[in-house]
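Thanks for coming, everyone. I'll walk you through one model today. Have a look at it first.

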Amino acid sequence: MEESAFNALAEAELARIEAALEACGAELDIETMPGGVLEIEFENGSKMVINRHSAAREIWVAAKSGGFHCRHDAGRWVATRSGTELYELLSQLVSQQSGSPVEVTAG
């Protein structure tokens, strides 16, 4: 995939992720940073960063429990190590980090 096509795809997905996080019900603040970066701060002060990584053609998630790389495959984003779909992964990570069960779903 060409870098420009990846960046457009990733930017659209980051916008969907931001909307999904805003709608998930968890107590968090989201700041959109330049270069395709979302910084999420939880009520407990912990942070999560979600960003596009153009060179690897991946979306990266840095959470309290570790780092995760997701690659676009057959119309969806999946974690490269576990094969977990991105929004399922985000549901797990946001639930862990917020201390409350949360479901993050694509809009």
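The buried residues of α1 are F6, N7, A10, E13, L14, I17, E18, A20 and L21. Seen down the axis of α1, these buried residues fall within an arc of 160 degrees, so they line one face of the helix. That arc is taken from the directions that run from the helix axis to the C-beta atoms. Buried means under 20% relative accessible area, exposed means over 50%, and partly exposed is in between, with a 1.4 Å probe and protein chains only.

A word on the source. This is a predicted model, where local features need pLDDT of at least 70, side-chain atom pairs count only at pLDDT 80 or more, and totals for chains, interfaces and linings use all residues. Residues are numbered from 1 along each chain as its sequence is written, and side-chain values use heavy atoms, with hydrogens and water left out.

Back to α1. The helix covers residues 3-23, which is 21 residues. From its first C-alpha to its last, α1 reaches 30 Å, close to the 30 Å expected at 1.5 Å a residue. The expected span is 1.5 Å times one less than the number of residues. Helices here are DSSP runs of H or I with at least four residues, strands are runs of E with at least two, and both are numbered from the N terminus.

What does the face of α1 turned away from its buried side carry? The exposed residues S4, E22 and A23. After α1 comes G25, with a positive phi near 95 degrees.

**What the helix packs against**

The buried residues of α1 pack against β1, β2, β3, β4, β6 (76-79) and α2 (86-98). Take I17 as one case. I17 touches L38, I50, L86, Y87 and L90, leaving out residues up to four places away in sequence. Contact means heavy atoms within 4.5 Å.

I17 also shows up in the largest nonpolar core. That core has 28 residues, and I17, M48, I50, V94 and V104 touch the most other members. At least two residues of this core come from each of α1, β2, β3, β4, β6 and α2. By nonpolar core I mean a set of buried Ala, Val, Leu, Ile, Met, Phe, Trp, Tyr and Cys residues joined through side-chain atoms within 4.5 Å. In soluble globular proteins, nonpolar side chains tend to be buried together.

**The strands**

β3 (residues 47-53) pairs with β4 (residues 58-63) in the antiparallel sense, over five bridges. Two strands pair if DSSP finds at least two bridges between them. The hairpin of β3 and β4 has four residues between the strands, and there R57 takes a positive phi near 60 degrees.

β4 also runs antiparallel to β5 (residues 66-73), joined by six bridges. Their hairpin has two residues between the strands. Follow A62 across. A62 in β4 is the bridge partner of V49. In β5, the bridge partner of A62 is G67.

One loop, too. G35 sits between β1 (28-33) and β2 (37-42). G35 is exposed, at a relative accessible area of 51%. G35 and S54 are 19 residues apart along the chain, and their C-alpha atoms are separated by 10.0 Å.

**Salt bridges**

How many salt bridges does the structure hold? Four. The criterion is a side-chain nitrogen of Lys or Arg within 4 Å of a carboxyl oxygen of Asp or Glu.

R52 pairs with E11, and the closest N and O atoms are 2.0 Å apart. E11 is partly exposed, at 35% relative accessible area.

K47 meets E39 at 3.4 Å, N to O. K47 is partly exposed at 42% relative accessibility, and E39 is partly exposed at 25%.

E58 meets R71 at 2.5 Å, N to O. E58 lies in β4 and R71 in β5, so the pair ties together parts that are 13 residues apart in sequence. Is E58 buried or exposed? Buried, at 5% relative accessibility. R71 counts as partly exposed, at 40%.

**Last stop: α2**

E88 lies in helix α2. E88 is partly exposed, with a relative accessible area of 46%. The C-alpha atoms of E88 and A106 are separated by 9.9 Å, and the two residues are 18 apart along the chain.
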